[in-house]
Amino acid sequence: MDVLTVLNLGDLAQAFSKMGMFPVFDLAYYIVSIVYLKYEPGSVEVSRRSPVASWLCAMLYCFGSYILADIMLGSSPIDYFQYNSHILLASAVWYLIFYCPLNLFYKCVVFLPVKLVLVAMKEVVRTRKIVAGVHHAFHAYHHGYFIMVIVGYVKGSGVALMSNFEQLLRGVWRPETNEILSMSFPTKASLYGAILFTMQETHWLPVSKSHLILIFTLFMATSKVVMTARHSHGSPFALIESWVCHLLFGSPLGVSEEDHHHPPAPSSPLKTKEELSEGARKRKVKKAE
């Protein structure tokens with residue numbers, strides 16, 4: 001990393017990697033996570049009808065990655081709830097977002113300049129969670145490369161991998177929203193990041209951990225800020241993924257072979273003229289009978 005040394009980024013990367021996340025960055029993580037919960041259809045109604053269910057959903061959004069990772073590593077799924085300060089802070093954010101008079105707190109945090117800062121800070125926390133997951137798995141399974149990747153991936157993906165369970169708490173069942181079937185950018189980036197940090201942890205990648213944390217955090221924060229500012233749900237990986245999937249599997253990502261030759265018909269709820277004419281014809285036949 002001679003280039004980084006020349007640019008005097010070594011000390012910056014080292015200081016950045018040791019910077020604490022609580023309470024400022026964790027607060028931003030909780031705010032953005034619970035704002036996304038409020039975006040979900042029916043979440044406001046659930047908060048009025050059943051505050052306990054709403055609070056549980058909020059805790060899953062904030063701590064779902066820890067719960068799932070602990071289950072995978074054989075620990076208690078409620079182990080993280082021993083950190084009272086984190087639970088109280090997340091609970092305070094949940095209350096302000098859903099119950100603040102005149103929705104003032106919610107309106108402030110979704111104001112675009114403020115939201116962009118919070119989104120960038122959330123990605124700082126996401127990167128640290130991926131690193132912590134890989135590091136934890138490395139100490140438990142020194143040669144379990146796949147386990148390191150999976151745990152880091154779960155830690156970074158947050159509640160996305162538990163979305164169907166969280167939906168059940170809100171009385172919703174939408175299996176087609178399974179994150180594995182249709183991965184969002186943060187979930188894909190968490191997987192790729194877990195692979196990179198696993199390679200670094202096992203000395204397959206000749207980069208210091210502090211430099212990799214800084215580079216990956218900058219990439220994640222920049223990507224999410226740009227996507228949020230443009231209200232985009234695309235992925236910076238889309239072009240590369242399409243090319244690689246076409247090379248390895250014969251079709252772009254998420255597009256079947258039939259879709260190449262037969263584009264899907266528009267799914268309009270309105271009947272076509274031919275269908276209406278056919279229905280009228282059948283009614284006439286029945287009347288004649």
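Is His-203 buried or exposed? At 72% relative accessibility, His-203 counts as exposed, where exposed means over 50% relative accessible area, buried under 20% and partly exposed in between (1.4 Å probe, protein chains only). The legends below start with the whole chain and then move to close-ups.

**Figure 1. The whole chain is a predicted model with 15 helices and 0 strands.** Welcome to the overview: residues are numbered from 1 along each chain as its sequence is written, local features need pLDDT of at least 70, side-chain atom pairs count only at pLDDT 80 or more, and totals for chains, interfaces and linings use all residues. Side-chain values use heavy atoms, with hydrogens and water left out. Helices (H or I, at least four residues) and strands (E, at least two) are DSSP runs, numbered from the N terminus. Of the 289 residues, 42% count as buried. The accessible surface comes to about 16900 Å², and 68% of it belongs to carbon and sulfur atoms; these areas come from the Shrake-Rupley method with a 1.4 Å probe, and for residues only the protein chains shown count as cover. Among contacts (heavy atoms within 4.5 Å) between residues at least 6 apart in sequence, 70% join residues at least 24 apart.

**Figure 2. Helix 5 packs against helix 9.** Helix 5 (residues 51-72) and helix 9 (residues 145-157) pack at an angle of about 160°, and their axes are 7 Å apart. Axes here are lines fitted to C-alpha atoms, for helices over the stretch in contact, with angles from 0 to 180 degrees between N-to-C directions. That angle makes helix 5 roughly antiparallel to helix 9 (angles over 145 degrees count as roughly antiparallel, under 35 as roughly parallel, 65 to 115 as roughly perpendicular and the rest as oblique). From helix 5, Ser-65, Tyr-66, Leu-68, Ala-69 and Met-72 meet Ile-150, Val-151, Val-154 and Lys-155 of helix 9. By class, this contact has 7 nonpolar, 1 polar and 1 charged residues; Ala, Val, Leu, Ile, Met, Phe, Trp, Tyr, Cys and Pro count as nonpolar, Asp, Glu, Lys and Arg as charged, and the others, Gly among them, as polar.

**Figure 3. Ser-54 is a buried residue of helix 5.** Its relative accessibility is 3%. Leaving aside residues up to four places away in sequence, Ser-54 touches Leu-37, Val-46, Ser-47, Trp-94 and Phe-98.

**Figure 4. Helix 11 and helix 12 lie roughly antiparallel to each other.** Helix 11 (residues 185-201) packs against helix 12 at an angle of about 170°, with the axes 11 Å apart. Contact residues include Phe-185, Leu-196 and Phe-197 of helix 11 and Leu-212, Phe-216 and Met-220 of helix 12. The residues of this contact divide into 11 nonpolar, 3 polar and 3 charged.

**Figure 5. Leu-212 is a residue of helix 12 (residues 209-229).** Leu-212 is buried, with a relative accessible area of 8%. Not counting residues up to four places away in sequence, Leu-212 touches Leu-196, Phe-197, Gln-200, Leu-205 and Val-207.

Figure 6. Most residues other than glycine have a negative phi, and most peptide bonds are trans.
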